[in-house]
Amino acid sequence: MTKPPLTLYLAAPRGFCAGVDRAIKIVEMALEKWGSPVFVRHEIVHNRYVVDDLRKKGAVFVEELDEAPSDRPVIFSAHGVPKAVPAEARAREMVFVDATCPLVSKVHIEAERHHANGLQMVMIGHAGHPETLGTMGQLPEGEVILVESAEDVSRIEPRDPERLAFITQTTLSVDDTVDIVAALKARFPAIVGPHKEDICYATTNRQEAVKAMAPRCDAMLVVGAPNSSNSRRLVEVGAKAGCGYAQLVQRASDIDWRALDGISSMGITAGASAPEVLIDEVVNAFHDRYEVTVEMVETAVENVEFKVPRALREPA
């Protein structure tokens with residue numbers, strides 16, 4: 001039986017970013033150095049395949065530090081943690097390694113600097129996301145006001161409207177954040193912004209690739225986890241950029257083939273915590289059903305690399 005033709009557009013950049021790559025490497029190097037088990041507070045990155053793979057190697061994932069014993073190493077996830085977490089680890093005399101993405105740490109440092117200058121922070125982010133919780137937890141209670149939308153800006157009541165600064169979660173939609181920042185500046189003209197954009201290079205680059213790809217596609221799939229903020233934003237960006245059908249899938253087995261019936265062009269990308277093996281799996285699933293022509297949609301070249309902490313490079 002003849003397979004129908006399909007043009008498959010593959011976004012570049014896609015998948016792993018430098019912060020995710022570093023975080024996974026930290027867990028693997030910790031297992032090599034100290035043996036198993038090594039405990040990890042929260043999923044090291046938001047991807048079930050990655051977490052399950054590290055679990056097989058000896059990593060134990062817990063949600064809170066009190067679930068980890070004091071005599072085994074513990075790693076803090078790439079999303080960052082409130083200050084109280086490393087403080088507790090020190091009090092328990094635990095060996096710990098912080099795998100927080102350096103670009104998230106940059107936002108933490110900004111928040112502390114503004115706080116030291118007497119400014120109250122407004123954080124643009126998603127309530128309950130571990131990165132948001134980690135960033136807000138860098139400062140005392142009440143010093144960070146969370147806004148999730150431009151509508152939220154009209155409802156906040158800061159201590160002093162003339163003494164404000166804003167920071168953002170690193171994995172937000174670039175376009176949505178522009179609207180929220182505009183609302184903040186309109187209501188609080190004196191508000192201070194970051195020296196450099198808080199939304200990370202990888203989030204921005206993946207969204208730009210999707211914007212370039214989406215208008216050419218009948219449908220688009222984003223390989224990523226439901227709890228991955230940057231993956232979910234890619235779905236939203238694809239839909240806004242003109243793709244009629246944009247969906248998130250974790251694996252090829254999640255593809256709804258009936259919804260794709262009759263398509264002649266398909267776009268594929270992946271969130272920053274999705275490994276290339278899962279992208280290949282999805283691409284191969286299309287090769288099984290279609291006569292595929294692959295076209296790359298490349299909007300940026302990434303060559304960023306972050307070093308792992310010195311503690312892991314030194315002998316045990």
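Reader: Is His 42 to be read as buried or exposed?

Author: Residues are sorted by relative accessible area: buried means under 20%, exposed over 50%, and partly exposed in between, with a 1.4 Å probe and protein chains only. His 42 has a relative accessibility of 14% and therefore counts as buried. The model is a predicted one, in which local features need pLDDT of at least 70 and side-chain atom pairs count only at pLDDT 80 or more, while totals for chains, interfaces and linings use all residues. Residues are numbered from 1 along each chain as its sequence is written, and side-chain values use heavy atoms, with hydrogens and water left out.

Reader: Where is His 42 placed?

Author: Helices (H or I, at least four residues) and strands (E, at least two) are DSSP runs, numbered from the N terminus. His 42 is in the loop between β2 and α2 (48-57). Although His 42 is not a glycine, its phi is positive, at about 70°.

Reader: Which residue other than glycine has a positive phi near 55°?

Author: That residue is Glu 93, found in the loop between α3 (84-91) and β5 (96-98). With 72% relative accessibility, Glu 93 counts as exposed.

Reader: What is the state of Asn 117?

Author: Asn 117 has a relative accessible area of 46% and is partly exposed. The loop that holds Asn 117 runs between α4 (102-116) and β6 (120-124). Asn 117 also shows how sequence separation and spatial distance may be read together: Val 60 is 57 residues from Asn 117 in sequence, and their C-alpha atoms are 40 Å apart.

Reader: Which residues are joined by a cis peptide bond with omega of about 5°?

Author: Ala 12 and Pro 13 are joined by that bond. Pro 13 belongs to the loop between β1 (5-12) and α1 (18-34). A cis peptide bond with omega of about 0° joins Ser 36 and Pro 37, and Pro 37 sits in the loop between α1 and β2 (38-41).

Reader: How many disulfides does a search of the whole structure find?

Author: A disulfide is a pair of cysteine sulfur atoms within 2.5 Å. The search finds zero. For Cys 200, the closest cysteine sulfur is in Cys 17, at 5.9 Å, which is too far for a bond. Cys 200 is buried, at 10% relative accessibility. Cys 243 is likewise in no disulfide, and its nearest cysteine sulfur, in Cys 217, is 5.5 Å away. Cys 243 has a relative accessible area of 4% and is buried.

Reader: How many helices and strands are in the protein chain?

Author: The protein chain has 11 helices and 12 strands. Its radius of gyration, taken over C-alpha atoms, is compared with the globule rule, 2.2 Å times the number of residues to the power 0.38. The value is 21 Å, close to the 20 Å that the rule gives for 316 residues, so the chain is as compact as a globular protein of that length. Along the principal axes, the C-alpha atoms fill a box of roughly 65 × 55 × 30 Å.

Reader: What percentage of the residues in the protein chain is buried?

Author: Of the 316 residues in the protein chain, 52% are buried. Among contacts between residues at least 6 apart in sequence, 77% join residues at least 24 apart.

Conventions:
Contact = heavy atoms within 4.5 Å.
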